[in-house]
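Q: I have a model open and would like to go through its local geometry with you, one topic at a time. Could you take my questions as they come?

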Amino acid sequence: MEQGTTVALIVAAGRGERSGQALPKQFARIGGTAMVAHSHRALAAHPGIDRVVVVIGSGQQDLLRAAIGDVEWVEGGVTRRESVARGLAYLGGSDVARVLIHDAARPFVPGTVVGRLLAALDKAAGAVPALPVSDTLARGTVTPPTPFVSSEVEKRLQAPSSRFSTSLETNGSGSSGILGEVVSRDNLHRIQTPQVFRFDAILNAHRAWPADSEATDDAQIARASGHDVILVQGDNMLEKLTYPSDFAEAEARMTPAPEYRTASGYDVHRLAAGEELWLGGVHIPHDKGLSGHSDADVALHAITDALLGTIAAGDIGLHFPPSDPKWKGADSAQFLQHAASLVEAEGGRVTFVDLTIICEAPKIGPHRDAMRARIGDLLRLPVARVSIKATTTERLGFTGRGEGIAAQAVATVRFSGVSSI
Ligand code: MG
């Protein structure tokens with residue numbers, strides 16, 4: 001590449017009147033970082049860029065400092081074009097050879113696009129990122145969305161004497177909203193920023209541009225002075241954030257993806273005469289029951305251990321020692337709920353439980369739905385997210401001989417906003 005430095009000029013001089021926010025949108029935070037700071041960071045980190053200058057509105061120095069810290073800035077003008085012109089004038093007279101002009105409203109700048117733009121300057125005075133238009137294009141005026149009206153207002157609107165009725169009719173059946181001519185989208189592109197130019201070319205083009213005329217970007221100013229501008233592949237990441245929903249989407253993009261953890265639990269209890277049989281939180285009439293320190297609900301114990309496993313919190317015996325008389329005959333529902341509360345305290349939410357009960361008798365099928373409902377209640381989980389299966393062991397082993405019942409469970413837990421990983 002030729003001599004001279006490459007400067008990124010971030011246009012962040014908006015006053016924020018349109019967005020209705022107290023703070024101009026370039027200083028609003030996305031993922032905890034001011035919008036302008038996102039692109040500043042990306043451009044400053046790019047190996048092809050030597051220097052980053054931010055064009056701010058008058059009196060926005062403190063906002064900028066709070067957003068990024070002490071960075072180089074220059075005061076812009078009333079319009080975007082004026083702001084760019086002032087930024088270029090500020091850079092004039094130094095050794096700047098190339099300038100990338102970028103709108104702060106596009107916070108996410110892929111380095112690959114910057115690389116493509118700079119490479120294109122070998123062939124032309126300017127280059128811009130562009131994306132082909134994929135939607136059908138048509139002329140017409142879109143009917144404005146019906147404003148929200150409360151049911152009380154709606155009633156008044158429907159009354160024949162209502163003074164609002166005319167506006168309602170206009171809204172519903174006005175002449176706007178008719179689809180007009182479809183425009184061919186062949187070779188049509190959406191133009192993004194950053195736009196890169198040979199510095200002298202864009203400086204002179206701005207000087208030659210009529211002061212009373214506006215421009216939505218710098219490429220058209222360069223073209224008006226006879227310069228070729230190359231289209232390079234843009235990126236969806238570069239989309240401009242304009243509407244509140246754009247901010248919400250960007251915020252969601254910055255939020256780390258949830259982490260899912262799966263853990264298993266296994267338990268066995270002995271079947272004995274003279275005991276009640278509790279399985280999956282449900283009392284089941286049977287000639288034998290499970291014996292243990294608590295109510296010996298082997299199914300709930302297995303799920304409890306699975307839940308504890310998702311937070312590596314040991315096993316049920318650690319939390320409810322059989323040696324503690326407090327748990328004699330205890331309802332195992334409280335063990336399960338305690339494990340669920342520990343999971344929640346770690347930011348987890350149980351999303352699915354799969355349980356297998358292993359026994360020769362009783363038959364589980366007739367009680368399956370009652371168990372699912374009970375476990376769903378205890379874990380505040382829809383029944384569709386509680387799976388219960390049963391199997392015998394073909395009369396083999398202790399379960400086959402009817403000496404005990406075994407249960408195994410697998411729990412899936414979603415953790416969001418886990419920062420320690
Ligand atoms: Mg147990």
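Q: Where is Pro194 found?
A: This is a predicted model, and in it Pro194 is found in the loop between β10, residues 189–191, and β11, residues 195–198.

Q: OK, and which residue does a cis peptide bond join to Pro194?
A: That residue is Thr193, which is joined to Pro194 by a cis peptide bond with omega at about 10°. Another cis peptide bond joins Ala361 and Pro362, where omega is about 0°, and Pro362 lies in the loop between β17 (348–358) and α13 (368–379).

Q: Switching to the metal, which residues coordinate the magnesium ion?
A: The magnesium ion is coordinated by Asp267 through OD, by His269 through NE2 and by His301 through ND1, at 2.1 to 2.2 Å. Along the chain these donors follow the spacing D-x1-H-x31-H.

Q: What does the pair Asp267 and His301 tie together?
A: Asp267 lies in strand β13, which covers residues 259–273, while His301 lies in helix α10, residues 298–310, so the pair ties together parts that are 34 residues apart in sequence.

Q: Are those two buried or exposed, starting with Asp267?
A: Asp267 has a relative accessible area of 17% and is buried, because buried means under 20%. His301 also counts as buried, at 6% relative accessibility.

Q: What about Ser39, buried or exposed?
A: Ser39 is buried, with a relative accessible area of 0%, and it is found in helix α1, residues 35–45.

Q: Which residues is Ser39 in contact with, leaving aside its neighbours within four places in sequence?
A: With those neighbours left aside, Ser39 is in contact with Ile10, His102, Ala104, Arg106, Pro107 and Val109.

Q: Back to the backbone: what is the phi of Asn187?
A: Asn187 is not a glycine, yet its phi is positive, at about 65°. Asn187 is found in the loop between β9 (182–183) and β10, and with a relative accessible area of 73% this residue is exposed.

Q: And what is phi for Glu394?
A: For Glu394, which is a residue other than glycine, phi has a positive value near 55°. Its place is in the loop between β18 (386–391) and α14 (397–400), and Glu394 counts as exposed at 66% relative accessibility.

Q: Now charges: how many salt bridges does the structure hold?
A: The structure holds 13 salt bridges. Among them is the one in which the side chains of Glu344 and Arg380 meet, at 2.6 Å from N to O. This pair links distant parts of the chain, with Glu344 in helix α12 (residues 333–345) and Arg380 in the loop between α13 and β18, 36 residues apart.

Q: How accessible are Glu344 and Arg380?
A: Glu344 counts as partly exposed at 36% relative accessibility, whereas Arg380 counts as exposed at 54%.

Q: Which residue forms a salt bridge with Arg401?
A: Arg401 forms a salt bridge with Glu403, and the closest N and O atoms are 2.7 Å apart. Arg401 is exposed, with a relative accessible area of 53%, and Glu403 counts as partly exposed at 38% relative accessibility.

Notes. Residues are numbered from 1 along each chain as its sequence is written. This is a predicted model: local features need pLDDT of at least 70, side-chain atom pairs count only at pLDDT 80 or more; totals for chains, interfaces and linings use all residues. Side-chain values use heavy atoms; hydrogens and water are left out. Donors are N, O and S atoms within 2.8 Å of the metal (3.2 Å for Na, K and Ca); water is not among the atoms, so sites may look incomplete. Helices (H or I, at least four residues) and strands (E, at least two) are DSSP runs, numbered from the N terminus. Buried means under 20% relative accessible area, exposed over 50%, partly exposed in between (1.4 Å probe, protein chains only). Contact means heavy atoms within 4.5 Å. A salt bridge is a side-chain nitrogen of Lys or Arg within 4 Å of a carboxyl oxygen of Asp or Glu.
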